[in-house]
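Welcome! Have a look at the model below, and then we will walk through its helices, its loops and a few of its residues together.

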Amino acid sequence: MTLLITVFAALISGILWYVRPESKMMFGTLALMCFGASLMWLVDAVVEYIEVGAEYFTPAAADMLNDTYLGLSVAALGLVIWFAILCIKDPEGRVKGALLRK
């Protein structure tokens with residue numbers, strides 16, 4: 001489930017970057033983070049398949065639930081990091097403007 005969730009996140013962020021490559025929202029950074037996570041989970045899945053064989057395709061329900069939580073956590077952490085980078089770089093000057101208004 002971790003691989004599946006990160007692949008969907010990578011596809012969505014990749015589509016956003018492809019549709020709006022000139023956007024100041026740094027979708028390319030988000031896409032790279034998601035594709036990197038997907039690659040990491042793909043390597044993990046291949047190694048686990050080599051270790052356990054066909055049992056890899058019949059996980060227990062508790063294992064699937066844990067993998068789902070882990071996948072959602074990884075996707076959420078990627079979004080938080082992307083948002084932090086976006087706020088620090090502040091490409092449209094909104095954070096600076098909000099701080100200077102006070």
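## Starting at Thr2

Leaving out residues up to four places away in sequence, Thr2 touches Trp41, Asp67, Leu70 and Gly71, where contact means heavy atoms within 4.5 Å. Thr2 sits in helix α1; helices here are DSSP runs (H or I, at least four residues), numbered from the N terminus, while strands would be E runs of at least two. Thr2 is buried, with a relative accessible area of 8%; buried means under 20%, exposed over 50% and partly exposed in between (1.4 Å probe, protein chains only).

Please keep in mind that this is a predicted model, in which local features need pLDDT of at least 70 and side-chain atom pairs count only at pLDDT 80 or more, while totals for chains, interfaces and linings use all residues. Residues are numbered from 1 along each chain as its sequence is written, and side-chain values use heavy atoms, with hydrogens and water left out.

**Helix α1 with helix α2**

- The axes of α1 and α2 come within 8 Å and cross at roughly 155°; axes are lines fitted to C-alpha atoms, for helices over the stretch in contact, and angles run from 0 to 180 degrees between N-to-C directions.
- The two helices, α1 and α2, are therefore roughly antiparallel to each other; the cut-offs are under 35 degrees for roughly parallel, over 145 for roughly antiparallel, 65 to 115 for roughly perpendicular, and oblique for the rest.
- The crossing of α1 and α2 is left-handed, a word used if the near helix is turned anticlockwise from the far one by less than a right angle, with right-handed used if clockwise.
- On the α1 side, the residues that meet α2 include Thr2, Leu3, Thr6 and Val7, and on the α2 side they include Phe27, Gly28, Leu30 and Ala31.
- By class, the contact of α1 with α2 has 15 nonpolar, 6 polar and no charged residues; Ala, Val, Leu, Ile, Met, Phe, Trp, Tyr, Cys and Pro count as nonpolar, Asp, Glu, Lys and Arg as charged, and the others, Gly among them, as polar.
- Ala31 lies in helix α2 and is buried at 7% relative accessibility.
- Setting aside neighbours within four places in sequence, Ala31 is in contact with Ser13 and Gly14.

**Helix α1 with helix α3**

- Helix α1 (residues 2–19) packs against helix α3 (residues 61–89) at an angle of about 30°, with their axes 8 Å apart.
- That angle makes α1 roughly parallel to α3.
- The crossing of α1 and α3 is right-handed.
- From α1, the residues Thr2, Ile5 and Thr6 meet Asp67, Thr68, Leu70, Gly71, Leu72, Val74 and Ala75 of α3.
- This contact of α1 with α3 counts 5 nonpolar, 4 polar and 1 charged residues.

**Helix α2 with helix α3**

- The axes of α2 and α3 cross at roughly 150° and come within 10 Å.
- Helices α2 and α3 are therefore roughly antiparallel.
- The crossing of α2 and α3 is right-handed.
- The contact is made by Phe27, Thr29, Leu30, Met33, Ala37 and Trp41 of α2, together with Leu70, Val74, Gly78, Leu79, Ile81, Trp82 and Ile85 of α3.
- Sorted by class, the contact of α2 with α3 has 11 nonpolar, 2 polar and no charged residues.

**Loops and backbone angles**

- Most residues other than glycine have a negative phi.
- Met26 has a positive phi, near 60°, and is a residue other than glycine.
- Met26 is placed in the loop between α1 and α2 (27–52) and counts as buried at 18% relative accessibility.
- Asp90, also not a glycine, has a positive phi of about 45°.
- Asp90 is found in the loop between α3 and α4 (94–101), and is buried with a relative accessible area of 17%.
- Ala54 lies in the loop between α2 and α3 and is exposed, with a relative accessible area of 60%.

**The salt bridge and some distances**

- The structure holds 1 salt bridge, meaning a side-chain nitrogen of Lys or Arg within 4 Å of a carboxyl oxygen of Asp or Glu.
- The side chains of Glu92 and Arg94 form this bridge, at 3.0 Å from N to O.
- Glu92 is partly exposed at 42% relative accessible area, and Arg94 is exposed at 61% relative accessibility.
- Ala31 and Arg94 are 63 residues apart in sequence and 23 Å apart in space, C-alpha to C-alpha.
- Ala54 and Gly93 are 39 residues apart along the chain, and their C-alpha atoms are separated by 53 Å.
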